[in-house]
Amino acid sequence: MSNNSSLVGGVSYQQQVYPIIVVQILVVIFVYINLLLIFTFFKKECFYTNARYILFAVTLLSDSMLLIISTITVMFAYFRFNIQVGLCMILCNLLFLYSFVTPITLTAMTLERYVAICIPLRHGELCSTRSAMHCILIIHGLSAVPCIMVLSAFFATASLSLYTKERTCSMETFNVYRWQSHMLSAMNQLYFLLMLITIVVSYVKIVKVAKAASGENKKSTWKGLRTVILHAFQLLLCLIQLWCPFIESAPIDLQLYINVRYNNYIMFILAPRCLSPLIYGLRDEAIYHALKSYASFGLYKKNRI
């Protein structure tokens, strides 16, 4: 028993645990930053009455949920802790849902910038607080479609006895047949293509308006264009995780597979979701100054005065 507990796969217990502790500390820090940004959002009326900031708050909530749930599932997988398939189904579908919510919301934020620059006279009508609430419902509806398809395929192919079995929790648990993983990959690629087309078309339209604008309008338009480019970069960060199934599908032994999955979690899920809100939040002057004020318990505001 001592050999198993002190040495697993040629790696000491301490060598396994220390990197995990460091990563979990980072997760806690970034979730705290996200919650602080959300707190800042609700404390200022100019934020929660603006469609752009409302959608940004949705990405913060989505990323926070994704970080928390993915950390739980990765810890289960890393330490080979099995749970019932029914409970795993709930965790994985929440994870799958929020993995789509953020990129779709970023696409919606790009469309909001398109309306503000290319159709400014209708911006107040199309991008009101009420419209933002409807948009949030649509975003979650679109994000739920892949989850429903995965669950429907699983219910149609899995035996009833499988729900009470205990297994390592991952999305692969629900791929009873190979065609189900192909279907999942196809949905990911379809959503990625649609979001990419939306952002590229919005970018081209804004460039045309920017070239035709002059004076203050030109400055404002180019600022909006930079925001669209930023959303495209954020979207790319979020969709990097699409590479994970291709990397993990390589034929490798169990211990190496667990290590590869954990490294993928850090590089392709954790890092992008932590960087994305920081890039956007700290770039926006209104959010930056409000966040700095709350983070310093009001001292920053007093010093500025």
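The model is predicted: local features need pLDDT of at least 70, side-chain atom pairs count only at pLDDT 80 or more, and totals for chains, interfaces and linings use all residues. Residues are numbered from 1 along each chain as its sequence is written, and side-chain values use heavy atoms, with hydrogens and water left out.

**Overall**
- The protein has 13 helices and four strands, taken as DSSP runs (helices H or I, at least four residues; strands E, at least two) numbered from the N terminus.
- Of its 305 residues, 45% are buried (under 20% relative accessible area; exposed is over 50%, partly exposed in between; 1.4 Å probe, protein chains only).
- Residues 24 or more positions apart make up 77% of the contacts with a separation of 6 or more, where contact means heavy atoms within 4.5 Å.

**Helix 8**
- Helix 8 (residues 178-212) has 35 residues and should span 51 Å at 1.5 Å a residue; its end C-alpha atoms are 52 Å apart, which agrees (expected span: 1.5 Å times one less than the number of residues).
- Its buried residues include Met183, Met187, Tyr191, Met195 and Ile199.
- An α-helix has 3.6 residues a turn, so residues three or four places apart point the same way.

**Arg52**
- Arg52 lies in helix 4 (residues 51-78) and is buried, with a relative accessible area of 17%.
- Beyond its neighbours within four places in sequence, Arg52 contacts Met109, Glu112, Arg113, Tyr280 and Asp284.

**Leu26**
- Leu26 belongs to helix 2 (residues 13-43).
- Leu26 counts as partly exposed because its relative accessibility is 38%.
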